[in-house]
Amino acid sequence: MTRSALAFGSNLGDSAGMIGRAIGALDAMVDVSVTTRSSLYATPPWGVEDQPDFVNACALVETDLAPLDLLSACKDLEVALGRVPGERWGPRLIDIDVLWMGGVALESERLTLPHPRITERAFVLVPLAEIAPELVVGGRAVADWAGVVEAGGIRKLG
């Protein structure tokens with residue numbers, strides 16, 4: 001089993017409920033076990049700013065899947081939950097990203113590990129630091145990255 005970190009985001013419909021359904025569906029998979037999930041966070045949009053705020057979270061999973069197979073499982077789940085193709089960084093019903101996977105370094109057309117922009121995105125770093133502050137990405141602990149990235153406007157949801 002490989003420890004992996006996933007990020008979840010939604011800003012359409014019942015975003016908190018959608019993230020909960022996505023995490024539950026992943027945990028129900030034969031080859032994936034959710035071990036920890038973060039709180040939910042309301043976050044300002046990133047990239048395309050003229051859209052509703054997002055709800056974001058992260059989860060740690062244990063999996064027997066290879067990196068590209070985990071990515072496929074996440075993307076298939078997005079479609080099963082109703083995601084349709086749209087504008088890059090635009091509004092979405094659900095988004096699931098593979099952030100990190102057992103320290104593996106991978107670069108392919110479909111997946112780069114660790115996620116290439118993980119250290120720039122407070123909406124990922126804040127929830128990830130809550131559940132895996134010691135996780136090392138780019139030579140630094142996630143908690144350290146979270147402490148230096150601009151996190152204005154991010155708030156933990158009740």
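Student: What makes Asp-76, Val-79 and Ala-80 of α2 count as exposed?

Tutor: Exposed means over 50% relative accessible area, buried under 20% and partly exposed in between, with a 1.4 Å probe and protein chains only; Asp-76, Val-79 and Ala-80 are exposed and sit on the face of α2 turned away from its buried side. This is a predicted model, in which local features need pLDDT of at least 70, side-chain atom pairs count only at pLDDT 80 or more, and totals for chains, interfaces and linings use all residues. Residues are numbered from 1 along each chain as its sequence is written, and side-chain values use heavy atoms, without hydrogens and water.

Student: Which residues of α2 are buried, and why are they said to line one face?

Tutor: The buried ones are Leu-70, Leu-71, Ala-73, Cys-74, Leu-77 and Glu-78. Seen down the axis of α2, they fall within an arc of 160 degrees (taken from the directions from the helix axis to the C-beta atoms), so they line one face of the helix.

Student: What do the buried residues of α2 pack against?

Tutor: They pack against β1 (2–10), α1 (15–27), β2 (32–37), β4 (54–63) and β5 (95–101). Leu-70, for example, leaving aside neighbours within four places in sequence, is in contact (heavy atoms within 4.5 Å) with residues including Leu-6, Val-32 and Val-98.

Student: How do you know that the length of α2 agrees with a helix?

Tutor: At 1.5 Å times one less than its number of residues, the 14 residues of α2 (67–80) should span 20 Å, and the end C-alpha atoms are 20 Å apart, which agrees.

Methods. Helices (H or I, at least four residues) and strands (E, at least two) are DSSP runs, numbered from the N terminus.
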